[in-house]
Amino acid sequence: MKKNLKYSLVFTVMAILVIGVTILVNAFAASLNIKWDVSQNKMYSIGEQTKVILEGLKQEVDVVMLADKDEIKTYEAGFILVEFLEKYSKFDKVNVKFADPDKNPDIVKDLNKSGTLNPQENDIIVRSGDKVKKITIYDIFQQDYYGPVMFMGEQAVTGAIKYVTSETIPTVYFIDAHSTKKLESNYNYLAKALESNGYDVKKLDLTRQEKVPEDTTVLFFAPPNQDLSAAERDKVIDYLKGGGNAIFLFDPLNSDDRLDNFDRVLNEYCMALNYDRVREGNEMYYVANRPYHIIPELGETDITAQQTAEQFSVIMPDSRSIKRLINDKDPLTITPLLTTSSDAVGEPFGGGETEETRGPVDVALVAEYSSAVNTKIVVFGNGSFLTDEVYQSYYPYSSSNLYLIGLTSDWMQDKSNDVFIVAKTSVTDTINLSGFNATLIIAIAVLAFPIIITSMGIIIWLRRRHL
């Protein structure tokens, strides 16, 4: 009896100490206005990539939210946004302000000198010198019908700062005339990520142009369902030979038609399409129970020099492989960007092919031609991995898909590849298991643990009843 009383007293004292310390720590933090972002993805904080940008600013930037600060803090979303924006004010070159547009009409006029912004209440205006960019509340909080809320504050605000402080605006021309996947209906997240990181994204119809526009930074091809015309092919080849850059997406096509003119373009850089569909045989390289939804290995390229395989993985549903041809061009280098395991196989799929391609196979290749002019090409054997559907289905892991395109676009401009910002979400971590591993974990959790705990209880009961 005395022993039980002693143990009860000890546990009570320990519980009181823990509760007391917790209260003291919270009170101390509150008195110093110390706050912690404990969300999984640090949704409401600014990351290291943003800090690199803000610490490197050479000119003043105004970030003005058109709202009454005290009023919007009474709403959850408004409170989150105010707390988030104030983190930017800690950097010397960033000035964060809140202005009620009804009480401060002159500020609105000053911000909208061009007359093109049409600023509304709760909009955020980012300005540096004569350059301005507007961010709406819908640019910051996004949600599809079933998915989690995505907080795109860092992507939107940091991207706007990059935009207004950049000397030139790189232009990505998106070509989807030969594809059933369209920029405006299938690649909204891709376009938003590029635009938020300082790119202009425009559509281009090559049949209406004498040549690829002079201001093109990157020519971006949606996955084609039909081939280029000979005239379009020649325009693309001329553009690349003049030092252009291009990203090609190719899906598997269950058709006997071949993409010969696309292949002619790729052949110039010692690459070719395989008419197959990649099935991964190694459980570590595909999504649970989905061997066609592969998770390829990241190659060692200039694009991914700052990344590690443990921190960076790409999910590619339904891919075709890309073939490396014999390279007899000294200024040309071809490097695998994404590769399957040796257990993968490229199954014949369209193009009249009948032979399998044994793994490992390349599902993305990088080609760089360095001579009097410098040309950079990246070819992906997948066009689905960048779509809105895949982004939403596999978020947050699919962020790496967009991030890879950001790194690729920056590499094509010889820019640093460590400041591309993608959206964040409140989604919690999950783990996908398959095969033997799933069976083993289920057996341990459902059978072994209960048996062990029950057995220990019986043993303790038997020993105590003889005391």
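**Entry 1. Overall architecture**

I began with the contacts of the protein, counting heavy atoms within 4.5 Å as a contact. Of the contacts with a separation of 6 or more, 74% are accounted for by residues 24 or more positions apart. I note that the model is predicted: local features need pLDDT of at least 70 and side-chain atom pairs count only at pLDDT 80 or more, while totals for chains, interfaces and linings use all residues. Residues are numbered from 1 along each chain as its sequence is written, and side-chain values use heavy atoms, with hydrogens and water left out.

I then looked up the secondary structure, taken as DSSP runs numbered from the N terminus (helices: H or I, at least four residues; strands: E, at least two). The protein has 14 helices and 23 strands. For burial I used relative accessible area with a 1.4 Å probe and protein chains only: buried is under 20%, exposed is over 50%, and partly exposed lies in between. Of the 467 residues, 47% count as buried. The accessible surface, from the Shrake-Rupley method with a 1.4 Å probe and, for residues, only the protein chains shown as cover, comes to about 24,800 Å². Carbon and sulfur atoms hold 53% of that surface.

I next examined strand 1 (residues 61-65) and strand 3 (residues 124-128), which pair in the antiparallel sense over four bridges. Within this pairing, Val-126 in strand 3 is the bridge partner of Val-63.

**Entry 2. Helix 10**

I checked the span of helix 10 (residues 230-241), which has 12 residues. From its first C-alpha to its last, helix 10 reaches 16 Å, close to the 16 Å expected at 1.5 Å a residue; the expected span is 1.5 Å times one less than the number of residues.

Which residues of helix 10 are buried? They are Glu-232, Arg-233, Lys-235, Val-236, Ile-237, Tyr-239 and Leu-240. These buried residues pack against strand 9 (216-221), strand 10 (245-249), helix 11 (260-267) and strand 22 (374-380). Just after helix 10, I found Gly-243 with a positive phi of about 100 degrees.

**Entry 3. Pro-336 and strand 18**

I located Pro-336 in strand 18 (residues 332-339). Pro-336 and Gly-299 are 37 residues apart in sequence, yet 5.7 Å apart in space, C-alpha to C-alpha. Leaving aside residues up to four places away in sequence, Pro-336 touches Gly-299, Glu-300, Thr-301, Arg-324, Asp-362, Ala-364 and Leu-365.

Strand 18 runs antiparallel to strand 15 (residues 297-298), and two bridges join them. In that pair, Glu-297 has Thr-339 of strand 18 as its bridge partner. Strand 18 also pairs with strand 21 (residues 362-370) in the antiparallel sense, over seven bridges. There, Leu-332 stands opposite Tyr-369 in strand 21.

**Entry 4. Salt bridges**

I searched the whole structure for salt bridges, defined as a side-chain nitrogen of Lys or Arg within 4 Å of a carboxyl oxygen of Asp or Glu. The search finds 20.

Glu-214 forms one with Lys-211, the closest N and O atoms being 2.6 Å apart. Glu-214 is exposed, at 65% relative accessible area. Glu-356 and Arg-358 meet in another, at 2.9 Å, N to O. Here Glu-356 is partly exposed, at 44%, and Arg-358 is exposed, at 56%.

I then looked up Lys-376 and Asp-414, whose side chains meet in a salt bridge at 2.7 Å, N to O. This pair links distant parts of the chain, 38 residues apart: Lys-376 is in strand 22, and Asp-414 is in the loop between helix 13 (399-412) and strand 23 (424-425). Lys-376 is buried, with a relative accessible area of 2%, whereas Asp-414 is exposed, at 62%. Lastly, I recorded a network of salt bridges that links Asp-62, Asp-110, Lys-113 and Arg-127.

How values were computed:
Pairing = 2+ DSSP bridges.
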